[in-house]
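The structure is shown first, and the description follows.

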Amino acid sequence: MPPGFESLAAAELDEKFPELVSDESYRRGEFVRGGLNLSVPIEIVPDLHFKLKLPTSIRERLYEFKCRDFPKLFNKIQSLPWRRHLIGDAFELSVSAETSRLGNEKRIAETVTDGIRRYFSKQPAKKPAVPYTHRIYVRLSQDICTISRDLSGDPLFQRGYKELSAIAPMRENLAAGLFYGLWRESGGFDCLVDPMCGSGTFLFESWLFWRDVRFIERDFAFFHDERWGVSRGHSTQQNNVAGDTLPKPTHFFGFDRDSRALKSVESTVAGLIKKRHLEADESPWSFTVSDVLTADFSKQFADLRIDPARSMAVIANPPYGERIALPMPPQSYYPLLLERLTQAAGPNVKALGVVIPSSYHRHVHNKSGSFNLARTIDFKNGGLDVQFQIFKR
Ligand SMILES: C[S@@+](CC[C@H](N)C(=O)[O-])C[C@H]1O[C@@H](n2cnc3c(N)ncnc32)[C@H](O)[C@@H]1O
């Protein structure tokens, strides 16, 4: 998962797989930068892919051994049972090395490739009925070599439901992580508003968050392993997550000043309806053209006429002044945006989460109207350091 989201990813796992929490070896799992090392039963690999929304990929740890020289690396690699892990003799390598005697990544890749070739020269590979190239990760750190295999295939943020994309969309797993952080921090809510929704990533990801994604057609590396085979279904129902009583959003409202962005979200909704993932009269989203910096926005927000008994939250990823220009210096823009959002928010808005470039977040006050800064998440978006600021009443 993206660095900065490790503890939210652990919370997502605990919430969606409550049966794991009592398992001693699962609890001994550890956080690493941008990842979690966990021990889980292999039967749940498909469900991890279908239910979790924060990971970028899920890998299976195959081997771990001490290794300080190339002959030892070659010998060890050629002795491992590659027929169990590969289809035919195809593979793709990804190598990383740090603080180890073996530090030359290119030479490590050549040695591992030679070792695997030698293995297959001794026991020739079966010709595959359906070819597939698995990705093998080789990592050397402090003279320990770990070998893992990717189970996901294409990155998991490539969900496959968007028809078109507006400019500067956020990666789906980042958007899911920010939504989840806001949802947990605020104690849940019934409706979510994104005033600068672009291609609608926050609003689609929050709808999808507790849904099983097996209804979306895409390939996964684990489909190409006979231990799991192919397991698809068509359910778009929410998973019932035991023990969780916080309200989950059921209605999603998007605004954007750019009507072309809203065309892209409308085509995504139309695509979900066309593929029968949603009935035409069931759409939980509504989209409106509006400029959040104008007085009209407060009026259009009030015109949503949400029942005062229903709780709301606002989430926004504004432009950073890079791909989309800002109408004023960033030092004034972000505080003004916060002011506009808190002015427009009615009393049922519990929380507000806004992404702000790290070089400017000090210009935004910890208090805006009746909202106070409650939590921050630092991460990188499109290579830029940014901070997600969560404000609560
Ligand atoms: C960084 S993009 C948001 C990306 C979005 N989260 C996604 O993943 O597609 C910023 C969006 O804000 C919109 N925007 C910029 N200024 C705006 C304003 N004053 N009012 C409303 N929308 C605005 C842009 O048209 C753009 O779609």
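A crossing of two helices is called right-handed if the near helix is turned clockwise from the far one by less than a right angle, and left-handed if the turn is anticlockwise. The model discussed here is predicted.

**Helix packing**

In that sense, helices H4 and H5 cross in a right-handed manner. H9 likewise passes H10 in a right-handed crossing. Two packed helices are described by the angle between their axes and the distance between the axes. The table lists these values for each pair.

| Helix pair | Residues | Axis angle | Axis distance |
|---|---|---|---|
| H4 and H5 | 70–79 and 105–122 | about 35° | 7 Å |
| H9 and H10 | 295–302 and 330–344 | roughly 35° | within 9 Å |

By class, the contact of H4 with H5 holds eight nonpolar, three polar and three charged residues.

For the second pair, H9 contributes Phe 297, Ser 298 and Phe 301, while H10 contributes Arg 340, Gln 343 and Ala 344. The contact of H9 with H10 comprises three nonpolar, two polar and one charged residue.

**Overall architecture**

The chain contains 10 helices and 14 strands. The C-alpha trace extends over about 75 × 45 × 40 Å along its principal axes.

The domain assignment divides the chain into domain 1 (6–150) and domain 2 (172–392). Taken over C-alpha atoms, the centres of domain 1 and domain 2 are 33 Å apart. Their contact draws 20 residues from domain 1 and 24 residues from domain 2. On the side of domain 1 that touches domain 2, helix H1 (6–16) and helix H3 (45–51) each provide at least two residues. That side of domain 1 consists of 11 nonpolar, three polar and six charged residues.

**Ligand surroundings**

Which residues come nearest to the ligand? Of the 21 residues around the ligand, they are Pro 169, Met 196, Gly 198, Thr 201 and Asp 258. Helix H7 (201–208) and strand E8 (251–256) are the elements that give two or more residues to this shell. The shell around the ligand is made up of 13 nonpolar, four polar and four charged residues.

Conventions. Residues are numbered from 1 along each chain as its sequence is written. This is a predicted model: local features need pLDDT of at least 70, side-chain atom pairs count only at pLDDT 80 or more; totals for chains, interfaces and linings use all residues. Axes are lines fitted to C-alpha atoms, for helices over the stretch in contact, and angles run from 0 to 180 degrees between N-to-C directions. Helices (H or I, at least four residues) and strands (E, at least two) are DSSP runs, numbered from the N terminus. Two residues are in contact if their C-beta atoms, placed from the backbone, lie within 7 Å. Ala, Val, Leu, Ile, Met, Phe, Trp, Tyr, Cys and Pro count as nonpolar, Asp, Glu, Lys and Arg as charged, and the others, Gly among them, as polar. A residue is near a molecule or strand if its C-beta atom, placed from the backbone, lies within 6 Å of it. Domain bounds come from an automatic or database domain assignment.
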